[in-house]
Amino acid sequence: MKNILRYVIVRAALTLPMLFILLSVVFVVIRVMPGDPVSSMLGGHAPESVIEKKKEELGLNRPMIFQYVDYLWQICRLDLGESMILKQRVIDAIKLKIPATIELTFFGMLVTVLVGVSLGAYAADKRRSPQDYAIRIYGIVIYCIPVFWLGLMFQMIFGIWLDWMPIAGRTGARVFASTFEKTGFYVIDTILIRDFAALKDVLIHLVLPSVTLGLMLSGVFVRLTRANMLDVLKSDYILAAEARGIRHRRVVYKHAIMNAFVPILTMMGLQVALLMAGAVLTESTFSWPGMGRLLLERIYMRDYPTIQGVIVFFALIVALVSLVVDIVYALVDPRVRY
Amino acid sequence: MKKRWGIMALVIAAVMTASGACLAGGGPLVYGTTEKVIDMDPANAYDFHTWEIFYNIYQGLMGYPPGKTNLVPHLAESYTVSADGKTYTFKLRQGLTFSDGTPFDAHAVKWSIDRVMNLKGDPSWLVTDFVERVDVVDSATVNFVLQNPVAYFPSLVATVPYYPVNPNVYPADKIVRDPSELKGGKIVGLGPYEVASFKRDEEIILKPNPDYFGPAPKNEMVVIRYFADATTMRLALEKGELDFAFKSFNPSDIKDLEQSSKVKTIKGQGPYIRYICFQCKIEPFKDWELRQAVAASVDRKEIIRKVFLGQNAPLYSMVPMGMFAHTDNFKTVYGDGNLDFARRVLKAKGYSEDNKLKFEFWYTPSHYGDTEVDMAAVLKQQFERTGLIDVTVKSAEWATYRDNWANQLMPAFLLGWYPDYIDPDNYTSAFAGTAGSAGLGIHFSDPKWDAKFVEEQTVTDLDQRREIFETIQKWWAMDVPTCPIFQGTLYLFTQNNIEGVMISPTLQFNYRTIQRVQ
């Protein structure tokens with residue numbers, strides 16, 4: 001127990017320098033970017049006096065080092081600051097948008113695992129067959145396809161040509177979230193108030209974005225599952241199970257896959273970062289009102305505190321998930337220790 | 001006989017009522033846009049989309065009828081101007097109230113203007129630069145006392161910072177970002193709609209305001225849906241998820257949608273103009289004749305065809321088409337791509353193929369959209385077609401661009417303009433008056449011009465103002481402090497069963513006339 005605790009403390013402590021470096025890099029990069037929040041807000045119109053007053057109000061005319069120190073001090077007090085454009089607390093903006101992103105990434109991960117694991121298992125079972133080669137090619141190709149292009153193609157094919165699916169937003173044009181929203185997780189909210197028509201609408205709107213996001217990562221899981229399954233399928237207990245007459249399908253898709261799943265579980269945690277990155281582009285493509293879209297829009301507006309706050313928040317999520325995965329792994333595998 | 005006619009009349013009335021019911025309503029209208037809402041407060045909102053929403057939930061003392069550019073009284077019944085031009089007296093409509101029963105009267109008007117002046121929000125200069133104070137004469141009469149005579153003051157009063165708000169709902173000392181910050185949690189103005197629901201970056205739902213004094217909206221609800229990008233919005237329109245969509249489509253999307261039979265295209269003249277600025281204080285464009293030579297070589301139609309796929313209109317004056325007093329002086333004097341004129345002037349100045357006129361031509365790559373780099377490239381080609389000009393194209397992002405013009409580093413550069421108020425003054429004095437011109441990096445200064453601007457700002461007679469602006473435009477084509485290139489065209493797309501959409505160069509897009517028909 002003491003070992004585990006020491007491991008957790010060391011891992012948590014290592015997260016701090018990572019966050020500090022990330023914060024500093026983000027701070028510098030967004031200020032080096034051309035443009036500033038005042039130009040973004042006021043365009044070319046406002047008189048110089050208004051522009052100067054705005055810059056003073058936002059502290060943008062102070063030396064960079066003072067802005068940096070102020071910012072770090074704010075973060076130490078767990079204050080992500082206030083949007084320069086909207087005067088809204090960054091944490092409030094994040095609270096409004098995070099449920100949409102979590103909902104999307106949850107269902108995206110579901111698609112990733114379902115598609116990636118089942119295809120990977122099938123490829124391992126049909127090793128060196130045309131199906132195996134096709135699935136392996138799929139795994140590489142899907143990983144290389146830009147997620148926004150995939151999203152646009154799905155919109156075109158399933159949304160426009162076939163007219164099967166909606167192409168944007170979390171709800172239909174005639175379904176008003178204000179009538180059922182409580183937690184921000186629309187699937188949960190519609191179930192809570194038993195509005196099954198709205199639930200259906202919400203789930204339909206989740207299909208294309210979560211499939212887009214999920215397929216993007218499924219390539220990784222196809223290859224990982226296939227590799228793990230091939231190892232497991234060579235094991236003695238698998239041979240013994242087949243020798244005992246257990247049906248091949250049951251051996252592969254029940255026994256072998258369960259044993260191959262532990263590393264996949266670890267990988268799921270580690271892919272959260274990629275999922276978040278994919279969410280930025282997916283949310284933009286599908287006009288999904290989550291954190292990714294918030295980040296993109298605030299980058300265009302040069303809203304420094306919101307950009308910094310969202311990136312820090314993303315980093316914290318990734319760090320937390322990695323920490324949890326490492327702890328679970330350490331608990332499960334006694335060979336992993338510090 | 002009488003009974004038959006009576007029955008027939010009843011039947012006709014019933015049929016008309018039923019068809020009226022079919023024509024109107026038919027569910028909410030869904031409107032898609034890629035624009036954003038910033039602050040839901042007339043004292044601080046300074047972007048066109050938020051103003052567009054305000055045109056539908058508030059009203060001003062003056063305003064524009066849907067689709068028109070003539071200014072008419074709205075919340076005011078009439079106004080008069082004092083002899084010295086410094087006091088505008090507005091007689092207000094009587095009997096109007098906000099939804100909570102607070103009377104709309106001169107006190108509410110004064111309170112609202114004082115609030116704008118105290119809060120000093122982003123667009124407050126539209127009030128504080130002109131208005132000294134507001135006086136209540138009686139409950140139905142209010143005086144605006146100006147710092148100086150301003151002939152276009154009624155146009156200013158039609159802008160959003162002048163809109164009266166409910167003094168019992170809005171805080172006097174705070175800018176409101178979100179309707180939830182208001183007493184009652186809702187925005188209800190004196191306009192045709194009230195905000196039923198507000199989810200930033202997702203949707204805004206507008207329902208008809210039962211207390212609106214004007215004609216009721218022809219629709220039961222408008223849902224504004226926000227899109228992250230134009231392509232997704234276009235796909236949603238084609239799919240039928242949107243009833244209409246406005247701002248901003250890519251030129252290629254506009255071209256495709258114009259050709260589509262699934263949607264209707266509504267085009268209108270926009271108030272947005274693009275032009276070349278010359279730095280008139282440094283070489284080479286200290287010389288007005290060289291400015292003329294460069295202006296003569298501009299071929300507007302080629303730019304519009306190559307860069308904008310034919311989607312804008314060539315502009316031959318800084319005063320846009322559709323605005324009162326507009327004339328086409330640049331067309332009369334130069335036309336398009338007048339290389340003979342340009343070469344004649346340049347040769348007279350001593351330039352030749354071995355001794356070309358050299359200058360840097362600047363643009364800013366993202367502030368005005370992705371087409372900027374192409375426009376600069378085409379203009380370079382046009383200038384160099386004379387054989388006597390050598391152009392180096394340079395660029396800087398917006399913040400640096402502004403610094404460059406303040407530091408007089410750009411001899412010629414591209415700019416764009418959306419108006420703050422609908423009057424030729426906003427398109428002229430800002431560029432060629434001594435003070436305004438310096439602020440925009442042009443540094444054109446001529447006392448004769450300054451006197452003309454003072455005259456047009458103080459004279460209230462429309463015919464006299466028209467004459468003054470016609471003279472200014474004539475001088476503009478001679479002295480060329482800037483060279484107009486094109487005027488933006490507004491594109492709005494609707495489903496085929498949507499009617500009543502009216503857009504105008506004022507950018508006041510009123511939703512109340514829009515309806516879905518069978």
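Student: Which residues of α7(A) and α12(A) meet each other?
Tutor: Keep in mind that this is a predicted model. On one side, α7(A) brings Val147(A), Phe148(A), Gly151(A), Leu152(A) and Gln155(A). Their partners in α12(A) are Gly278(A), Leu281(A), Thr282(A) and Thr285(A).

Student: By class, how many nonpolar, polar and charged residues does that contact have?
Tutor: Gly counts among the polar residues here, and the contact of α7(A) with α12(A) includes Gly151(A) and Gly278(A). Sorted that way, the contact has four nonpolar, five polar and no charged residues.

Student: Are α7(A) and α12(A) roughly parallel or roughly antiparallel?
Tutor: Helix α7 (residues 147-161) and helix α12 (residues 272-285) of chain A pack at an angle of about 30°, their axes being 9 Å apart. Angles under 35 degrees count as roughly parallel. The angle therefore makes α7(A) and α12(A) roughly parallel.

Student: Now to chain B: how are α8(B) and α11(B) oriented, roughly parallel or roughly antiparallel?
Tutor: In chain B, helix α8 (residues 288-296) packs on helix α11 (residues 339-348) with the axes 8 Å apart and an angle of about 155°. Angles over 145 count as roughly antiparallel. So α8(B) and α11(B) are roughly antiparallel.

Student: Which residues of α8(B) and α11(B) make the contact?
Tutor: By class, this contact has seven nonpolar, one polar and one charged residues. From α8(B) come Glu289(B), Leu290(B), Gln292(B), Ala293(B) and Ala296(B). From α11(B) come Phe341(B), Ala342(B), Val345(B) and Leu346(B).

Student: What area do chain A and chain B bury between them?
Tutor: The size of an interface is often given as the accessible area lost when the parts come together. Here 46 residues of chain A are in contact with 43 residues of chain B. Of the area buried between the chains, 55% is on carbon and sulfur atoms, and the total is about 3700 Å².

Student: Which residue of chain A forms a salt bridge with Asp201(B)?
Tutor: Side chains of opposite charge can pair when their charged atoms come close. The count between chain A and chain B is four salt bridges. In the one formed by Asp201(B), the closest N and O atoms are 3.6 Å apart, and the partner is Lys97(A).

Student: How many residues apart in sequence are the parts that Asp132(A) and Arg226(A) tie together?
Tutor: These two form a salt bridge, with the closest N and O atoms 2.7 Å apart. Asp132(A) lies in helix α6 (residues 130-144) of chain A, and Arg226(A) in helix α9 (residues 196-233) of chain A. The pair therefore ties together parts whose separation in sequence is 94 residues.

Note on methods
Residues are numbered from 1 along each chain as its sequence is written. Chains are lettered from A and ligands numbered from 1 in the order in which they are written. This is a predicted model: local features need pLDDT of at least 70, side-chain atom pairs count only at pLDDT 80 or more; totals for chains, interfaces and linings use all residues. Side-chain values use heavy atoms; hydrogens and water are left out. Axes are lines fitted to C-alpha atoms, for helices over the stretch in contact, and angles run from 0 to 180 degrees between N-to-C directions. Helices (H or I, at least four residues) and strands (E, at least two) are DSSP runs, numbered from the N terminus. Angles under 35 degrees count as roughly parallel, over 145 as roughly antiparallel, 65 to 115 as roughly perpendicular and the rest as oblique. Contact means heavy atoms within 4.5 Å. Buried area is the accessible area (1.4 Å probe) that two parts lose on being put together, summed over both. A salt bridge is a side-chain nitrogen of Lys or Arg within 4 Å of a carboxyl oxygen of Asp or Glu.
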